[in-house]
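Here are some exercises to work through with the structure open beside you. Try each task before you read its solution.

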Amino acid sequence: MSSYRDVIKAARSLLTYERKLQAVVGNRVRAFSTKCDKPKGVVVGAYQKDGDKPIRSSENAVLLDDAVGGKIMTLIRERGMDGRPGKGLLFNGLEGEFSCVAVVGMGPAGAGYNELEELDEGMENTRIAAGTGARALQLQRMAEVHVDGMDFPEQAAEGAALAVWRYNANKRKKNRLATPKLHMYGKGDHDAWVRGLFKAESQNLARRLTDTPANQMTPSIFAQAAVDALCPCGVAVEVRSMDWIEDMSLNSFLMIAKGSCEPPLLLECTYCGTAPEEKGILMLGQGLTFHSGGLCLKKKTGMDKYRGAMSGAAVCVGVLRAAAALSLPMNITAVIPLCEHMPSGMAVKCGDVVTLLNGVTMGIKNVDKAAVVMMADPLLYAQANFKPKMILTIGSVARGVSYGLGGSATGLWSNSSFLAKQFRKAGSITGDRIWRMPLFRYFREIVTNNSTYDMSNCGRGPASSCLAAAVMHSLVPCLDWAHLDIRGTGMTTEVNPLPYLLEGCMTGRPTRTVIQFMYQMACAQS
């Protein structure tokens with residue numbers, strides 16, 4: 001019996017000791033949590049090894065290494081880091097203000113324009129390095145991320161801001177991955193850093209609009225989102241109702257919209273950066289907030305991604321926001337027709353014919369090819385009303401371009417070699433490339449060779465994107481015109497996405513390329 005009492009006494013003393021230990025450990029954990037309430041991380045770069053020479057870091061990485069007593073370079077050499085783009089190491093517990101340090105490869109020192117890739121590799125390597133490091137620190141729950149400007153502060157800001165953003169509005173707050181605040185670390189051109197943030201935030205705006213589910217991004221909701229994003233920046237937004245659309249006889253637009261119970265809208269967004277009387281650039285963005293295919297219903301597998309059929313409209317909104325933020329000295333107008341394309345008893349039928357504003361009759365052979373139909377009359381109206389000096393049409397129009405280019409580049413069709421060269425240059429700078437496609441008379445003959453109407457919405461044969469561009473080109477008789485088909489880039493990229501974007505999510509491309517193009521046009525104009 002005495003031994004039993006001894007056991008009970010020993011157990012009680014052990015429980016008392018465990019409670020004291022838990023209290024001490026608990027206090028320590030709470031003290032540590034309070035001290036690191038907003039942990040900070042830093043991203044620095046290291047150049048790729050050149051043969052047997054030791055690895056070399058960026059200028060700001062040297063300053064950070066000196067601040068921690070040379071530990072960073074010692075650890076890099078011990079781990080055998082080679083400095084390849086996007087490959088790096090993560091260090092915790094070093095001295096100083098940063099809880100976590102990410103050292104990421106920047107590729108070869110002095111990398112420049114690669115003619116074969118049509119890309120400035122130095123700029124793109126900086127985006128990849130900054131984006132990889134910032135995302136790694138985000139996953140470590142850093143509240144603030146300081147990013148080395150490396151060789152190109154603007155591109156570092158773009159890569160970091162694009163990498164840490166994600167659409168999570170429909171996740172519970174406790175399950176969301178927080179977006180850290182971004183700061184530039186060390187020496188560098190701070191103005192360039194801010195420009196990069198403006199451009200990345202504009203692309204992230206396009207990503208948010210495109211990735212939002214269709215029931216949460218109807219035409220009316222999109223219109224309100226555009227007003228909220230643009231009006232505070234000084235961009236004027238006019239929302240045209242269905243009655244106005246009917247009064248203006250935009251019949252091709254109404255043919256697609258009438259299948260849905262959601263009323264169509266048309267946005268007229270105007271940015272005035274120079275004298276109002278100067279002719280500006282007109283953008284027309286495809287705004288199908290959901291593209292079911294109508295009576296030619298798309299396959300159920302993957303149909304959800306067609307919430308992104310308004311990616312052209314989202315790019316237009318993002319470009320206008322960036323133009324206002326950067327105070328570009330030019331005038332830009334965006335016309336954005338918004339509707340859903342749904343099957344119903346009121347839906348457009350295969351074989352229907354519509355008369356356009358210019359008197360041309362268009363036969364709708366395939367109602368799945370709705371993009372050129374809905375954009376036809378708004379394009380004619382915008383030319384007559386705004387009298388621009390050039391026109392840029394943007395939309396996820398046809399599947400053919402994604403078969404040819406995948407997610408590598410956006411397809412471009414243009415009747416101006418000057419515009420094509422400017423887009424090619426812009427794509428090489430932004431890393432979001434543009435590839436010019438043919439605008440042969442061959443394709444126009446296919447869409448206009450019909451016995452009972454003037455023009456078909458799809459023509460015949462597999463070159464769907466070239467045929468769609470031929471339809472659009474026929475509606476622009478005498479102006480410089482460029483058409484971007486972003487079917488392969490502006491929606492989801494399933495194969496080999498850019499390292500600073502997310503696989504399986506909407507990309508917001510090519511917002512930054514169009515912004516860079518506008519910047520180049522403004523410089524040429526001034």
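Axes here are lines fitted to C-alpha atoms, for helices over the stretch in contact, and angles run from 0 to 180 degrees between N-to-C directions. Helices (H or I, at least four residues) and strands (E, at least two) are DSSP runs, numbered from the N terminus. The model is predicted, so local features need pLDDT of at least 70 and side-chain atom pairs count only at pLDDT 80 or more, while totals for chains, interfaces and linings use all residues. Residues are numbered from 1 along each chain as its sequence is written, and side-chain values use heavy atoms, with hydrogens and water left out.

**Exercise 1. Find how helix H7 and helix H10 are oriented to each other, and which residues meet.**

Step 1. Start with the axes: those of H7 (residues 219-230) and H10 (residues 311-326) come within 10 Å and cross at roughly 15 degrees.

Step 2. Classify the angle. Under 35 degrees counts as roughly parallel, over 145 as roughly antiparallel, 65 to 115 as roughly perpendicular and the rest as oblique. H7 and H10 are therefore roughly parallel.

Step 3. Look at the contact (heavy atoms within 4.5 Å). From H7 come Phe222, Ala226, Ala229 and Leu230, and they meet Ala313, Ala314, Val317, Leu320 and Arg321 of H10.

Step 4. Sort by class: Ala, Val, Leu, Ile, Met, Phe, Trp, Tyr, Cys and Pro count as nonpolar, Asp, Glu, Lys and Arg as charged, and the others, Gly among them, as polar. The contact of H7 with H10 has eight nonpolar, no polar and one charged residues.

**Exercise 2. Work out which strands stand at the edges of the five-stranded open sheet.**

Step 1. Read the order, E2-E3-E1-E6-E7, with mixed pairing; two strands pair if DSSP finds at least two bridges between them.

Step 2. E2 (88-92) and E7 (181-185) each have a single partner strand, so one side of each lacks a neighbour in the sheet. From one strand to the next, the twist averages 20 degrees.

Step 3. Inside the sheet, E1 (residues 40-46) and E3 (residues 100-105) pair in the parallel sense over six bridges. Gly41 has Cys100 of E3 as its bridge partner.

Step 4. H4 (residues 121-139) lies across E1, E2, E3 and E6 (144-148), at about 150 degrees to E3, while H5 (residues 153-164) lies across E6 and E7, at about 160 degrees to E7.

**Exercise 3. Is strand E19 mostly covered or uncovered, and which residues are the bridge partners of Leu484?**

Step 1. Five of the six residues of E19 (residues 480-485) are buried, so the strand is mostly covered; buried means under 20% relative accessible area, exposed over 50%, partly exposed in between (1.4 Å probe, protein chains only).

Step 2. E15 (residues 390-395) runs parallel to E19, joined by six bridges, and Ile394 partners Leu484.

Step 3. E16 (residues 410-414) pairs with E19 in the antiparallel sense over four bridges, and here Leu412 partners Leu484.
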